[in-house]
Amino acid sequence: MSDLGFLALSLALGTTTYSIVSLALGIRKGDEGLAAAGKRAIYASAVFLTLAVVALIYVLLARDFQVEYVASHTSRDLALPYTLSALWAGQEGSLLFWAWLLSVYATALVLSGRRAGHILTSYSSLVVSCVLAFFLLLVIFVNNPFQRLDFVPSDGLGMNPLLQNPAMIWHPPIVYLGYVGFTVPFALTLAVLLSGKMEDPYVPLVRRWTLLSWLCLGVGTVLGAQWAYVELGWGGYWGWDPVENASLLPWLTGTALIHSLMMRRGRGAIKLSHIVLVVGTFALCIFGTFVTRSGMISSVHAFAVSRIGLYFLAFLLSVVVASVLLTFTRRSGLRGDDESESLVSRPTALWVTIVLLLAATAAILLGTLFPLVSDTLNVALTTDYFNTSSALILGPLILLMGICPFTTWKGGDSRGLSRRLIAPLIGALVTGAALLLLGLRDAFGVVAFSVCAFVIVGTLLQFYSGFRGSRRGSEGNRLSGFVSSLRKQRSRYGGYVVHLGIVMITIGVVGSSAYKIEESITLDPSAMRTVGGYTLRYEEFSYLPAVGKDVATATLAVYEGGEQVAVLRPEKHFHHSSQQPVSEVAIRSTLKEDLYVALTGWEDASQRIALEVIVSPLVVWIWIGGGVLLVGAVLAFWPARRAEGAEDLAVDPSRASEGRPTGEEGQR
Ligand code: HEM
Ligand code: HEM
C-alpha cells in the first residue's frame with residue numbers, strides 16, 4: 001500500500017506539472033482548450049492526492065511499522081482516533097495533508113471559476129498549481145511519508161503523550177484549513193496582476209475565500225489555546241511562543257484585509273492595500289511554517305522540526321519578490337484607496353483599524369524574531385514585552401470597534417456621532433462605577449471592562465435599531481421582519497457578532513491575566529487548604545496501571561462558602577513509550593471563574609501531594625467568545641440567496657459603490 005501511496009504522489013506531481021505547462025501555454029497562446037485541460041489536470045491532482053492520503057491512513061491503521069512514519073508516530077496500543085490523527089502528527093504526514101487540502105481548495109477554485117467563467121480562473125489556477133508543485137516536491141523528494149525501513153520493528157515509538165488529547169483531532173486540521181486557504185486570495189491577487197485585469201471586480205472574488213481562511217485560522221487558534229490550557233499544566237493558554245505567534249500574525253493581517261475589502265471606493269477593483277495585505281498574510285503563513293519547522297527559534301510546541309525550513313524560506317522569498325515585481329509593473333493600473341473629506345467617518349475608522357492591526361503585527365513579529373539577535377545584543381525579551389505592546393495597540397482597537405458602527409461613510413457629522421455614542425458611554429460609565437462599588441480598585445481592569453461594556457452596548461444597539469427600523473414581516477410582526485433583514489444583511493450583522501465574540505475573548509483575557517490567583521501547595525491526607533475562596537480537602541491518592549501508561553490520581557473535595565461544590569481528580573500520566581510524564585489537570589469551570597488544579601508531585605510513604613492551584617477569573621469567556629466568533633463569521637461568510645441578495649458580496653453593489661449609502665446604511 002505504501003508503494004501505491006508513493007505512486008499516487010508521483011502521479012499527482014505529474015498532473016500538477018501538466019496543469020502548470022498547459023495553463024501557461026493556454027494563457028499565452030489564448031488557447032482555451034489548453035487552459036481547460038490544465039484546469040482538468042487539477043481535478044486529477046486532487047484525486048491522486050486523495051489516494052495518497054487514503055494510502056497513508058491505511059498503513060497507519062494497519063500498523064505497517066516498516067513505513068518509517070508509522071513506526072515513528074504510532075504504536076500498537078495507540079487508540080484509533082489518535083492513530084488516524086497521526087496523519088498530521090509529523091512533518092511528512094502534515095505536508096502531505098497540506099498538499100491534499102491545497103488540491104481540494106484548487107478544485108473548489110476551478111469549480112467556482114467555471115460558474116463565473118472568468119479568465120482570472122486560469123491565472124489563479126496556474127498560481128495555485130505552482131504552490132502545489134512546491135509542496136509535492138517537498139513531500140516526494142525531501143519528506144516522503146511512505147519511506148520504508150529496511151527492517152520491520154515489532155512496535156512503533158508511539159505518539160508524543162502531549163498530543164494524545166481530543167484537540168489533536170481538530171486543532172491541526174482547522175489551523176491548516178486556514179493556512180492553506182490563504183493561498184486562494186493570494187492566487188487571485190497574483191492572477192489580477194498577471195492578467196492586468198485591474199478594473200474587474202476583485203473584492204467579491206477574494207472576500208469569501210478570505211473570510212473562510214480567516215475563520216478557520218481564528219477558530220484553530222482558539223482551539224490550540226484551549227488545548228494548551230488543559231494539557232500543558234501551567235494554567236495559561238498563551239505564552240507568546242513562536243508557534244502561537246505564527247498563527248496570530250496572519251490572523252491579524254487577515255483581519256486588516258477583511259476590513260480593507262470593505263472600503264467602497266473603486267467599485268470593488270484591486271487596490272494597493274489589498275495586494276499588500278493579501279501577500280503579507282500569505283507570506284506570514286509560510287513564515288509561520290518556516291518558524292515551526294526550522295527549529296531556528298525554539299518553541300515548546302514545534303512537533304516537526306527539520307532542515308525543511310530552508311525550503312520554506314526560499315519559497316517565502318520567491319513569493320515576496322514575485323509579488324513586489326508584479327505590483328511594480330502594474331502600478332499605473334492600481335486604484336487609489338478610500339479617502340474621506342471628513343476625519344470622523346467610516347473610511348477613516350477603517351484605516352485606523354488597519355494601521356493598528358499592522359502595528360500589532362509588527363510588534364509581535366519583532367518580538368518573535370528577537371531571539372535571533374538577543375545573544376548578540378545580550379538582551380532577552382520577556383512576555384511583558386508582548387503583553388504590554390499588544391495591550392497598548394489592541395486596547396484602542398477594541399474601543400474603535402464600538403465607535404465605528406456609528407460612523408457614516410460620508411462622515412462629517414461629529415455632533416450626530418457624539419449623540420449616538422451617549423448610550424454606549426453610559427453603559428461604560430455604569431460598568432466602571434459598578435466595578436468600583438464591587439471593590440475592584442485596579443485601574444487597568446476598570447478601564448478595560450468599561451471599554452468592553454462600551455462596545456457591547458454599542459453593538460447591541462445596532463441590532464436594536466435594526467429591529468426598530470425593520471418593516472413588519474410576512475407574519476405581521478416586527479420580529480419576523482427583523483429576521484428577514486438579518487438574513488438579507490448577513491455580512492453586516494455577522495461582522496457585529498464577530499465583534500461581540502472578540503469582546504468576550506477580551507473580557508476572558510483581561511480577567512484571567514490580571515486577576516489570576518496562583519499557589520503551589522502541599523497537602524497531607526485529609527488536610528484542607530483555602531485558595532481564592534475555594535477550600536480543597538485531600539481525600540485520597542491512587543497509582544494504577546492503565547493501557548500503555550500508569551496513572552497517579554489525587555482526589556480532592558472542593559468547598560465554596562462551606563458547601564461542597566465539586567470533586568476534582570488531577571492526574572499525572574506516565575506513558576510507557578515516553579520519559580516525560582504528562583499532567584491531566586482537573587478544572588471546575590463556571591462563567592465567573594475556573595478552579596484549575598494540577599498534580600505536580602507526591603511522596604510514596606506519606607502520600608503527601610504537591611499541587612498547583614490556580615483560580616482564573618472569566619477564562620471560560622475566551623472559549624465562548626471563540627464560539628461566538630465562529631457563528632458571526634459563518635453568518636458573514638454564508639452567501640445570501642440571490643432573490644434576497646443585495647447583501648451578498650459576490651454581487652454586493654453597496655460595497656462596490658462609491659460611498660452611496662444604500663438601505664439601512666442610508667438611515668445612519
Ligand atoms: C495557543 C495555542 C496554539 C496555537 C496558536 C497553535 C498554532 C499552531 C499552528 C500555527 C500550527 C501549524 C504549524 C505549521 O505546520 O506550520 C499548529 C500545528 C500543530 N499544533 Fe498547535 N498551536 C497551539 C497549541 C498547541 C498545543 C497545546 C499542542 C499540543 C500539545 C499543539 C499541537 C499541534 C500539532 C500536533 C500540530 C500539527 C503538527 C505541526 O505542524 O507541528 N498545538 N499549531
Ligand atoms: C480584532 C478586531 C476585529 C475583528 C476580528 C473584526 C472582524 C470583523 C469581521 C469578520 C467582519 C465581517 C466582514 C465581512 O462580512 O466582510 C467585520 C465587519 C465589520 N467590522 Fe470588524 N473586526 C474587528 C475590529 C473592527 C474595528 C476596530 C472596526 C472599526 C473601524 C471594525 C469595523 C467593522 C465594520 C464597520 C464592519 C462591517 C459592518 C457592516 O457591514 O456594516 N471592526 N469585522
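A polar side-chain atom of Thr289 lies 3.2 Å from an oxygen atom of ligand 1, a polar contact being a pair of N or O atoms within 3.5 Å. The elements that contribute two or more residues to the shell around ligand 1 are H7, helix H9 (203-231), H10 and helix H11 (272-294); helices here are DSSP runs (H or I) of at least four residues, numbered from the N terminus. The model is predicted, with pLDDT of at least 70 required for local features and 80 or more for side-chain atom pairs, whereas totals for chains, interfaces and linings use all residues. Residues are numbered from 1 along each chain as its sequence is written, chains are lettered from A and ligands numbered from 1 in the order in which they are written, and side-chain values use heavy atoms, without hydrogens and water.

A polar side-chain atom of Tyr176 lies 2.6 Å from an oxygen atom of ligand 1. The largest share of the shell, 6 residues, comes from H7. His171 lies in helix H7 (residues 167-181) and is the single protein donor to the iron atom of ligand 1, with NE2 2.2 Å away; donors are N, O and S atoms within 2.8 Å of the metal (3.2 Å for Na, K and Ca).

The iron atom of ligand 2 is coordinated at 2.0 Å by NE2 of His259 and NE2 of His499. His259 belongs to helix H10 (residues 242-260) and His499 to helix H20 (residues 490-514), so the pair ties together parts that are 240 residues apart in sequence. Both His259 and His499 are buried, that is, under 20% relative accessible area (1.4 Å probe, protein chains only).

Technical notes:
Buried < 20%, exposed > 50% of the residue type's maximum accessible area, 1.4 Å probe, protein only. Polar contact = N/O pair within 3.5 Å; in protein donor to acceptor, adjacent residues only side chain to side chain.
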